[in-house]
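Dear colleague,

Please find below the sequence and structure that I am handing over to you. My notes on what was found follow directly after it.

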Amino acid sequence: MTVQTVTPKRRFRGKPRGRELDPATLDALRRLLGDERERPELARRDLLIEHLHVLQDARGHLSLADLRALAAYMNLPMAAVYETATFYAHFDVVHDDQAPPPAITVRVCDSLSCQLAGAASLQDALEAGADPARVRVLRAPCMGRCDVAPVVEVGHRHVSHATQEAVEAVVDTGHFHPEAILWQRIEAYREAGGYRLLADCRAGKVSVERLMQTLEAANLRGLGGAGFPTFKKWHFVRAEAGPRYCAINADEGEPGTFKDRHYLEREPHRFLEGALVSAWAVEAEALYLYLRDEYPGLHRVLHEAIAELEAAGLVAPGYIVMRRGAGAYICGEESAMIESLEGKPGKPRHRPPFVAQRGLFDRPTLVNNVETVYWIPTIWARGAAWFADQGRHGRKGLRSLSVSGRVKRPGVHLAPAGITLGELIEEYCDGMPEGHTLAAYLPGGASGGILPASKADIPLDFDTLQAEGCFIGSAAIIVLSDQDDLRAAATNLLAFFADESCGQCTPCRVGTEKMLTLLEGDTWQAADLERLSRVMMDASICGLGQAAPNPVLGLLRDFRDELAAQNVIVKG
Amino acid sequence: MTTHQGVNESFTLTLDGVDVSAQPGETLWQVAKRAGETIPHLCFKDAYGYRADGNCRACMVEVEGERALAASCLREARPGMVVKSASSERARTAREGVMELLVADQPDREAGPDRSSHFWDMADQLAIDVDAVRQWLPRREEREAPTVHHVPDRAASPVHDRSHSAMAVNLDACIECNLCVRACREVQVNDVIGLANRGAASKIVFDFDDPMGDSTCVACGECVQACPTGALMPATLVDEVGRGDSAAADRQVDSVCPYCGVGCQLTYHIKDEEILHVSGRDGPSNHNRLCVKGRFGFDYPRHPSRLTTPLIRKPGVPKGLDPAFDPAARTTHFREASWDEALDLAAKGLVDLKAAHGPDALAGFGSAKCSNEEAWLFQKLVRTGFGSNHVDHCTRLCHASSVAALMECIGSGAVTASFMQALEADVVILTGCNPAVNHPVAATFFKQAAKQGTRIIIIDPRGQALGAYAHQTLRFTPGADVALFNAMLNVIVTEELYDEAYIREHTEGFEALKEHVRDLTPEAMAESCGVPAEAIREVAREYANAERAMIFWGMGISQHVHGTDNARCLISLALACGHTGRPGTGLHPLRGQNNVQGASDAGMIPMVLPDYQPVGDAQVRAAFEELWATSLEERPGLTVVEIMDAIAAGTIKGMYILGENPAMSDPDLAHARASLARLEHLVVQDLFVTETAQFADVILPASAWPEKDGSVTNTNRQVQLGRQAMPLPGEARPDWWIIQEIARRFGLAWDYDHPRAVFAEMTRGMPSLDHITWERLEREQSVTYPCPADDAPGADVVFSEAFPTASGKAKFSPTLPLPPDEPVDRDYPTVLTTGRQLEHWHTGSMTRRARVLDDLEPEAVASLAPGELRRLGLAPGESVSITTRRGEITLRTRVDPGMAEGMVFVPFCYAEAAANVLTNPALDPYGKIPEFKYAACRLAPAAVEALI
């Protein structure tokens, strides 16, 4: 040997660097997904999450051997596959040193509404009673069924008003498919005049301009939460050079919100007509539907509804592309949703450019919420005035309020925009349950802030709550009573934000976690919490981090006495 | 939404109440910087090629009319914008708040991996009081419950990862700014690092959160250079308990990399007169990037076996490779001597042989590892001292055939365009080259081009890492290159895809070529190429129809008996399609060694004087006779392999070998080594007792690259300066000084006092160096030749108007497919091909003595396709014997799905299993280059297993 070295030789490799590809695993993957050598489109990057779903569904988890094969299949770097697989809560990446999860997954919703209904003790009981070799019990964010809290999902089957006994009974039946949904089929919808607007648009009987004027007059605004005037959004997208896309955000994840599910389960075709009209309005190359994975029953409904449309010749096969979320609240943010549609972790993009300028596949993209487009056929049929004239207290239009928490009749209540909480509880919710007195309410889900009972007379709508440091967002109203623990509510909300933060920017990634830890303490330093809130609101990239401090600031502003009564010492 | 600004029309905005000007495309951060304020930044790296990501939020500014603050690193300046930075209380709170959030979870500065990190600089700039932060912000580890529920803890994923010998991973200092991800994914395009999970569980990972040392990491170290916190650090800067300091060096010296022909500019960080670590500089060919060799292969000059005194062979010790010899304990075979004694003895042996047998008894091998000045002096010594043209170097073994074809067809042996031009090309053909391994930083340009939409076409028998970025890959049968390229030419001719106007104005001989390739259809060639005819057609069309296309090639093209024909074909392709002389077009043989271009330019070639001027040309000779005040031999000298043959034949009896290692690098080593042993007098000048030096009578301890000044010329024709960064050890001397001392003992009155004096002389003999002076190189760091004026940049793309031929036109040179010299047969059914590895360079004399490189690739290895291994009944790592008609070696195997079946690849840097024992010395008739890329061999499981 000629060369002597100072270190012992230790790194001989009998293989190329990094994890080896197992040809048999790749073959198995091809049997599952199709052969990408014959159909190269199967290796398109934007299909990554879809492929991960197929693997997760088939194997119950994602092994590294499978992920390695998938990286080869898609010609993606391992790191890129891993980033996406580990971002989403519904993928179980199992390392070589970890055991695969048990066959049955029980998810207990831990959103505020379910927590008010006793989800925490339910989870404890389920965990204590489960055989860990067979069942794992996980907490999960809002399942969009807050009107029937507490909610538990066994496999894909949801259990409403869940009790330990009811959940264990479902576990024992072995039926984990989504519960059946009765929905309006295409024939019924067409008989009632459905798809006439779409036909008229396509036939040139309705011009885009007229439709946009109607939406403007109706004051239709983005009902996903931002409230941006719909006609204006169309206008911006249309101003950009094609090709363009249309993407519908059905990632309804704001805790307390279930209105999109409500409409989709009943009238999917009314929604699809609105979506197709929107796509037509911007001359979209394709219409993408991004549906949250927490709505597995709807996944089937929409698949079937789209199949009906295609069979009826109303839409070209493949024009509507269904995509499944994978357990990430942040994908309700439109640019995060677009990242997710492209098969990536759902990390919001910086603006500018706006998605209307550079969205899906870097093309101008119209992103609308489910409910927003759902109203389009109705507004056209009944006239702009019908919609606009419905408001109260000087507001215009209708709002679908998802009401949960301490009311007698929770649910989606279609009410005039501008209705006050007091009116809502009285007129639509049959009042508060016995023994409960209104103490506080969340006007816009987890992120919309918190208001005291003394402010139950403010009109609820876009633009009306700013002065209170709140917003209506997706109109998820969670009602709290004097029986409820305010710190528990605050930590519940911050734990949610910290869990769902994409982790991209410092104020949100670190700030939500630090805020949570501070709130868990017995003494709250108001100055520290306010300073941290300021940083998060001013410097976070997207609405998640910007809005996360809202409930904390609300409590510091309006609930000092109540906190003191609940033994939370607020200093400063 | 977009403003209607002229391309370079500056505009005004208000920053902190003052009107400032900005250029379109500038960010607010850049505008502020020009205005004198460096806004705090962590995730933004103010360096070439780094995209601003705006995630750390340390650089927030207030933009009038906007609800939230904006990240200045990302936000483009617009006319009339009103921006508050230093004057914004909100911005200050946000910046401080962000730093405080990050500081809260940092290890203590003195206990952390980099007490001088950019992160702590920024904390200082914002006057963050660490103790106060820890008062109010709870640390992450205080949390008991998980924050992000779906990410389970993993015991096997430690915070401190020391699995890589070059880099220390300290994730406790990580701030998830993803600069390393951008470094790995976007800058070097190695695609190893990712940012996994989400929220507070976000984590930097290698592949699938594997230990760095087990991942696909190629150790380019870009991440280490980018990391602002020390979470990723050069291992040499961190102690056993994880404390480190990136500012530990005493001083920095700017230089260039001593390895491949890319010519990366780098900075040596020196502590206690030794190299502590290396960082990349913003040179034109590397833009701060380096590869594993350049960044981590720096410690060879201080290896224990480094020569520090002249050595003289002990009486009675036979010349040859003694397996018991230890280069670190060399006095078993040699005795130490003074310089005077060694130089006298070295020179006398040569002088005496010349006196007794005439000038043809002597020959010299210089080296492309040395500087331009050393190459110049060496060939001048041979020509004016030895009195012959028997001077050659490793260019003969790498691109001699390419140069022959280029000289013949376009009148110039250098590249027509830099590899940076790939970024301008629509189509790039890479053939017979493996840039990710052999020209890693050039490969970054190809990968970036591919990401921008350039269609990369790889034509090679072996698969390679760049395949992941390729639009199309043609893996053809080894040795069928000429057939394949002719079939492409046939498509271009028959489908009339050629550029008629270009051919008319710039070329001659196209009609003959047309006629020549008429029958060489893809269908006729497909079988011998092992590629479907339609694939050949597609690739030909893709190349011909591109607006701008380039061809890059390496030794897979040149190292064949038909190497010159291969290169002729590639030149014909470019000429037929008009793909030279414009941005994004050109012909580029990727040069192998740091100075193979410069050493060739300087005339270290037996048939030409400097600048490729034929020695047989009396006019040329006369000019140099005047310059050097001596007469010159008119007969061309012998080439590398011919010299070895001449020794065997007894005509050459004495040699002076500077930095070359023919006892490893020549084909058919048994023959080459026998020749070396036969020499009556051999003087070797090197850093170590190389395999060749073991045959020497006198060994002269020379200078390593970081120990001397000198210029080098890279593959892009960029002349760059290397600077002395550390002292010579012991009695070692600069090479130029040693050559001069030998010259003086040949009676030559040389009196150079520094390489700059040599460079001045070179500029008088080499028109290629017009307008390039030593002072200019010192000032500008890099000057491309040809250069039109003292104050103008050189030409990145040449031959736009005319070629440097008599007619000004380029020539088509038709070729016919020829089989390899030694086709496979029943007895030797497998193709042996040889080359380099990422970690090891040339014969390994330097890289195998670099700690990190040796650790990463410690021993000889044969790469085989999985099926081939199965056929042999071998598991990966088990040993195989490879036998050719010339010899046998035994080494361990590596399974490599990129290998074709029926083929084995062996790197030639391992003395213990020297691939060149096996290779075929048959020469290309024009370039005189051996067929290193094809020998018929036989594989068998090795009888005795050397187990781990």
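In these notes, helices (H or I, at least four residues) and strands (E, at least two) are DSSP runs, numbered from the N terminus, and the expected span of a helix is 1.5 Å times one less than its number of residues. This is a predicted model, in which local features need pLDDT of at least 70 and side-chain atom pairs count only at pLDDT 80 or more, while totals for chains, interfaces and linings use all residues. Residues are numbered from 1 along each chain as its sequence is written, chains are lettered from A and ligands numbered from 1 in the order in which they are written, and side-chain values use heavy atoms, with hydrogens and water left out.

Helix 9 of chain B

Helix 9 of chain B covers residues 372-386. Its 15 residues reach 20 Å from the first C-alpha to the last, close to the expected 21 Å. Buried means under 20% relative accessible area, exposed over 50%, and partly exposed in between (1.4 Å probe, protein chains only). Of the 15 residues of helix 9 of chain B, 15 are buried, so this helix is largely enclosed by the rest of the structure. Just after helix 9, Gly387(B) takes a positive phi of about 85°.

The two chains

Chain B has 30 helices and 40 strands. The radius of gyration is taken over C-alpha atoms, and the globule rule is 2.2 Å times the number of residues to the power 0.38. For the 948 residues of chain B this rule gives 30 Å, and the radius of gyration is 29 Å, so chain B is as compact as a globular protein of that length. The C-alpha trace of chain B spans about 90 × 70 × 65 Å along its principal axes, and 67% of its residues count as buried.

Chain A contains 24 helices and 17 strands. Its radius of gyration is 25 Å, in agreement with the value near 25 Å for a compact globule of 572 residues. Along the principal axes, the C-alpha atoms of chain A fill a box of roughly 90 × 65 × 50 Å. In chain A, 63% of the residues count as buried.

A buried lysine

Lys259(A) is located in helix 12 (residues 259-266) of chain A. With a relative accessible area of 2%, Lys259(A) is buried. Contact means heavy atoms within 4.5 Å. Not counting residues up to four places away in sequence, Lys259(A) touches several residues, among them Glu252(A), Asn369(A), Glu371(A) and Ser474(A).

Backbone features

Most residues other than glycine have a negative phi, and most peptide bonds are trans. The peptide bond from Ala149(A) to Pro150(A) is cis, with omega near -5°; Pro150(A) is in the loop between strand 4 (135-140) and strand 5 (152-154) of chain A. The bond from Tyr785(B) to Pro786(B) is cis, with omega near -5°, and Pro786(B) lies in the loop between strand 31 (782-784) and strand 32 (810-811) of chain B.

Phe799(B) is found in the loop between strand 31 and strand 32 of chain B. Phe799(B) has a positive phi near 65° and is buried, with a relative accessible area of 16%. In chain A, His161(A) has a positive phi near 45° and is partly exposed, with a relative accessible area of 49%. The loop that holds His161(A) runs between strand 6 (157-159) and helix 7 (164-173) of chain A.

With kind regards
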